[in-house]
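Open the model in your viewer and try each task before reading on.

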Amino acid sequence: MSRFTAYDPQTAPAAARPVMAGVHRALGHLPAAVGLMAESPELLKGFLAANAAFEATDLDPVAREVVVLTVATRNGCHLCVAMHTATLTRGGAAPELIDALRAGEALPDPRLEALRRFTVAVLDQRGAVGDSELDALLAAGWRPRHALDVVLGVGTYTISTFANRLTAAPLDEPLQEYAWTPSA
């Protein structure tokens, strides 16, 4: 039995209603996770604001997805992995890239692999990344600002993955074909 309510725009706390309406307009549907996050309008607003900021970073769309899927797989969020697999698939990303991200394995593109490894270092070392890891990121053609953009992505998707796991957010029907379970 869940302790969290799956709100809709009519039953949600008043402060969450306009935010939910905006998500519905943008996506054409209301993801179940949004209805669950609406329990705390501040969490919902905070995640969406952080996500908008992350989307505006200098990282290109595929690089952002590398960060997101690295966080999602490390944090075991079935929903985020499915959702961002769908995003990469719709964007025409190579299946080898998607499969490697979902498995938490080395990526076929060396530049993206450097970004993935740096993201793992940020997660594992809670931001106290050593010079060698930062140097490897920079040597792959990324800039110092990209290291900070990764931190923003890690923070943004830590909010999402933790909230989704805490509330046991279900996988929405359109994402079923991208379902993911963590490896043992």
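Predicted model: local features only at pLDDT ≥ 70, side-chain atom pairs only at ≥ 80, totals over all residues.

Residues are numbered from 1 along each chain as its sequence is written, and side-chain values use heavy atoms, with hydrogens and water left out.

**Exercise 1.** Describe how α3 and α9 pack.

*Solution.* Two packed helices are described by the angle between their axes and the distance between the axes.
- Step 1: α3 (residues 41–55) and α9 (residues 144–167) pack at about 150 degrees, with axes 9 Å apart. Axes are lines fitted to C-alpha atoms, for helices over the stretch in contact, and angles run from 0 to 180 degrees between N-to-C directions.
- Step 2: α3 is therefore roughly antiparallel to α9 (under 35 degrees is roughly parallel, over 145 roughly antiparallel, 65 to 115 roughly perpendicular, the rest oblique).
- Step 3: In α3, the residues in contact (heavy atoms within 4.5 Å) include Phe-47 and Phe-54, and their partners in α9 include Leu-152 and Tyr-157.
- Step 4: By class, this contact has nine nonpolar, four polar and one charged residues (Ala, Val, Leu, Ile, Met, Phe, Trp, Tyr, Cys and Pro count as nonpolar, Asp, Glu, Lys and Arg as charged, the others, Gly among them, as polar).

**Exercise 2.** Find the angle at which α4 and α7 pack, and classify it.

*Solution.* 
- Step 1: The angle between α4 and α7 (residues 110–124) is about 40 degrees, and their axes lie 9 Å apart.
- Step 2: This makes α4 oblique to α7.
- Step 3: Val-66 and Arg-74 are among the α4 residues that meet α7, where Leu-115 and Asp-124 are among the partners.
- Step 4: The contact of α4 with α7 divides into nine nonpolar, two polar and three charged residues.

**Exercise 3.** How do the axes of α5 and α6 cross?

*Solution.* 
- Step 1: The axes of α5 and α6 (residues 95–103) come within 10 Å and cross at roughly 165 degrees.
- Step 2: That makes α5 roughly antiparallel to α6.
- Step 3: Val-81, Thr-85, Leu-88 and Thr-89 of α5 meet Ile-98, Leu-101 and Arg-102 of α6.

**Exercise 4.** Which residues lie closest to the centre of the largest pocket, and which helix gives the most to its lining?

*Solution.* 
- Step 1: The largest pocket holds about 730 Å³ of space.
- Step 2: Leu-27, Met-83, His-84, Thr-87 and Tyr-157 are the closest to its centre, out of 35 lining residues.
- Step 3: α5 gives the most to the lining, with eight residues.
- Step 4: By class, the lining has 21 nonpolar, nine polar and five charged residues.

Note on methods:
Helix = DSSP H or I, 4+ residues; strand = E, 2+ residues; numbered from the N terminus. 1 Å grid on protein atoms, 1.4 Å probe; cavity = no way out; pocket = protein on both sides within 12 Å on 5 of 7 lines; lining within 4 Å. Points joined across faces, edges and corners; volume = space filled by probe spheres on them.
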